[in-house]
Amino acid sequence: MTRLVWFRNDFRVHDNPALMHARRDNEEDCLAITFVCESQWRRHGLGDRRINLIKQAINGLHRSLEKLGIPLLVIQSDLFKDSENDLRHVLGALDVSELNYNIEYEINERHRDISVCRLCQEYEVSTNKFHDQCLLAPGEVRTQNNDPYRVYSPFRRSWLSLMQDYCPAPLGAPAPQASDIISAAVSDLINDRHALPESVSDPLWSTDENTAHQRLSEFLDSDVLRYHDLRDLPDAEGTSRLSFHLALGILSPRQCIHTAWQRNNCMLSGGEQGIDTWINELIWREFYRHLLVAYPQLCKHKAFKPETEGVPWRNNKSDFDRWCRGETGYPIVDAAMKQLLDQGWMHNRLRMITAMFLTKHLLIDWRWGEAWFFEQLVDADLASNNGGWQWSASTGADGAPYFRIFNPTTQSEKFDKQGLFISRYLPELAKLSAKSKHFPSAGERSLYGYCDPIVEHKSARERALTAFKQTLEA
DNA sequence: TGATTGTTCTG
DNA sequence: AGAACAATC
């Protein structure tokens, strides 16, 4: 009998509940399986860069599993429904006892899993599902009324009290599997396949699990102490940059929080300020996942607040394109958008500034921006991306009130005081004084070849206020 | 996890 | 004039 462990968005061998369960003893052999559903991923909006990185992560996983004596069957399936057929063939070819996997919470993924479980029933294969994306599974954190939380602060309070200032230790990696346990059928199946072609590695984003562990310890050994003070400064590299590893499951949130908890004198809050603040960000991550599960409309391009569906978005394609390319004439916005294109990543403060600029100053539907970020980001994650966008657009559960509109120039002066980040991505402005970099004069723009502002701040702000006000207070 | 505007208080 | 504050968006 063979146990399957299905890797989906958890490309790691450490702290992987499904993998550990499949290797709980040596009674049966264990085969890892994963499906490369490129068309499905594109349909979900992932871009080239991220898809390439997933393939790289799969190849890395392949090598890690090899060291553990666990073969990985990589199947290229196109769409989810194709992967179901492909799984059927595997179940037909092998004597499978069980299928183990860690749960994905997005709607298409859940539907796929429902039909896969049905398929397993047909073949008398038991299915074991595990929560690995949150420390407290979605649904476990509820108000006294037994409702899901809609507001962050009370969610956080409740989350912390349920955790009781404790964080369970990560699971580690399973013991290696002896090669003689592997059944002939599995060997035949594996030998029949060719591996996923090695993709070009991305110098900025390592998919290697051990490198991620190193970065985590490094961050929590020193950088985190300045996290509270530096995390809002895009030029400072004050953030962990671990969102990518979390998004692909190269790291688990438990590994992150447990390491932080240890460094924080075994506290989840009320300890060192930097560590507290970082853990708080990870609780935001849990919050958005819990929301996604509690409110399925979030998976279907719906606003959390239905009344905001009436906002008269302008949806001007050429304005949108200028925003995407970083040609709005607001330096902090443009530098940020160029960082996204350059790195497949954007600093969190800049995500808020650019998102608010698109939805408020340009009055363009948050879904356009959400899709662009999702395509470009190496850390693209439906729950967090949607949560952030709906926060900025004031359509979300616990969003910014619609009248809280960032002034991009003020944000720039506050968080990029010397204009160093702006200079990094807009070298044409390098010669300007720090003061001018935040918003160059008309003369300075034409002198250095920088475009004119796409909208005038004050009138754009008023346009957005009016649009929201008429919609929400009608 | 704001910004703006108008008012009062300070020097 | 400019800080400090409150009301409003």
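Author: Glu 428 lies in the loop between helix H19 (420-425) and helix H20 (434-438), where helices (H or I, at least four residues) and strands (E, at least two) are DSSP runs numbered from the N terminus. This is a predicted model, in which local features need pLDDT of at least 70 and side-chain atom pairs count only at pLDDT 80 or more, while totals for chains, interfaces and linings use all residues. Residues are numbered from 1 along each chain as its sequence is written, chains are lettered from A and ligands numbered from 1 in the order in which they are written, and side-chain values use heavy atoms, with hydrogens and water left out.

With a relative accessible area of 30%, Glu 428 is partly exposed, a class that falls between buried (under 20%) and exposed (over 50%), computed with a 1.4 Å probe on protein chains only. Once its neighbours within four places in sequence are set aside, Glu 428 is in contact with Tyr 448 and Tyr 450, contact meaning heavy atoms within 4.5 Å. Tyr 448 is 20 residues from Glu 428 in sequence, and their C-alpha atoms are 6.0 Å apart in space.

Turning to the whole of chain A, there are 22 helices and five strands. Its radius of gyration is 24 Å, close to the 23 Å that the globule rule gives for 474 residues, so chain A is as compact as a globular protein of that length; the radius is taken over C-alpha atoms, and the rule is 2.2 Å times the number of residues to the power 0.38. Of the 474 residues in chain A, 56% are buried, and among contacts between residues at least 6 apart in sequence, 78% join residues at least 24 apart.

The five strands form an open sheet with parallel pairing, in the order E3-E2-E1-E4-E5, two strands being paired if DSSP finds at least two bridges between them. Strand E3 (72-76) and strand E5 (126-130) stand at the edges with a single partner strand each, so one side of each is left without a neighbour in the sheet. Strand E4 (residues 96-102) runs parallel to E5 and is joined to E5 by five bridges, and Asn 100 has Asn 128 in E5 as its bridge partner. Helix H5 (residues 107-122) packs on the sheet, touching E1, E4 and E5, and its direction makes about 165 degrees with that of E4; axes are lines fitted to C-alpha atoms, for helices over the stretch in contact, and angles run from 0 to 180 degrees between N-to-C directions.
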